[in-house]
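Here are my notes on the model you sent. Please read them with the coordinates open.

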Amino acid sequence: IFTNKRLIILNVQGVTGKKREYHTIPYSSISQFSVETAGTIDEDCEMKIWVKGSQLPIKKEFSRKIDVKGIQRSLASHLL
């Protein structure tokens, strides 16, 4: 979810999907990001976000059906 001040990542967990984790990241704390599109054999897409003060990126995987290039454009427009 893109708001005017932050990115909110929703992680649905568990068999029933009732357990949810919300991770909010202010745009001002994002130092860089990368998007990997699906390939012929590798059918999932991946987004990595590096947050200031953390050495490891936050990783989020998407199915091939998700428009990761659209996510990349939205994130870039909020950061620039």
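This is a predicted model: local features need pLDDT of at least 70, side-chain atom pairs count only at pLDDT 80 or more; totals for chains, interfaces and linings use all residues.

The points below go from the whole chain to single residues.

1. From the N terminus, the order of elements is β-β-β-β-β-α. The C-alpha trace spans about 35 × 30 × 25 Å along its principal axes.

2. **Surface and burial.** The accessible surface of the protein chain is about 5,900 Å². Carbon and sulfur atoms hold 52% of that surface. Of the 80 residues, 22% are buried. Take the contacts between residues at least 6 apart in sequence: 30% of them join residues at least 24 apart.

3. Strand S1 covers residues 6–13 and strand S2 covers residues 19–26. The two run antiparallel and are joined by eight bridges. Within this pairing, leucine 10 has tyrosine 22 in S2 as its bridge partner. Five residues lie between the strands of the hairpin. Glycine 14 takes a positive phi there, near 85 degrees.

4. **The three-stranded sheet.** S3, S4 and S5 form an open sheet in the order S3-S4-S5, with antiparallel pairing. S3 and S5 (58–62) are the edge strands, each pairing on one side only. From one strand to the next, the twist averages 15 degrees. S4 (residues 45–51) is joined to S5 by five bridges. In that pair, methionine 47 stands opposite lysine 60.

5. **The helix.** Helix H1 takes in residues 68–79. H1 lies across S3, S4 and S5. Its direction is at about 165 degrees to S3.

6. **Isoleucine 30.** Isoleucine 30 lies in S3, which covers residues 30–36. Its relative accessibility is 8%, so isoleucine 30 counts as buried. Arginine 6 is 24 residues away in sequence, with a C-alpha to C-alpha distance of 9.7 Å from isoleucine 30.

7. **Serine 29.** Serine 29 sits in the loop between S2 and S3. Is serine 29 buried or exposed? The relative accessible area is 16%, so serine 29 is buried. Apart from neighbours within four places in sequence, serine 29 is in contact with Trp50, Val51 and Lys52.

8. **Salt bridges.** How many salt bridges are there? The count is two. Lysine 48 has 24% relative accessibility and so counts as partly exposed. Glutamate 46 has 16% and therefore counts as buried. The other pairs arginine 73 with aspartate 67, where the closest N and O atoms are also 3.8 Å apart. Arginine 73 has 55% relative accessibility, so arginine 73 counts as exposed. Aspartate 67, at 46%, counts as partly exposed. The cut-off for such a pair is 4 Å.

Notes. Residues are numbered from 1 along each chain as its sequence is written. Side-chain values use heavy atoms; hydrogens and water are left out. Helices (H or I, at least four residues) and strands (E, at least two) are DSSP runs, numbered from the N terminus. Buried means under 20% relative accessible area, exposed over 50%, partly exposed in between (1.4 Å probe, protein chains only). Two strands pair if DSSP finds at least two bridges between them. A salt bridge is a side-chain nitrogen of Lys or Arg within 4 Å of a carboxyl oxygen of Asp or Glu. Axes are lines fitted to C-alpha atoms, for helices over the stretch in contact, and angles run from 0 to 180 degrees between N-to-C directions. Contact means heavy atoms within 4.5 Å. Accessible areas come from the Shrake-Rupley method with a 1.4 Å probe; for residues, only the protein chains shown count as cover.
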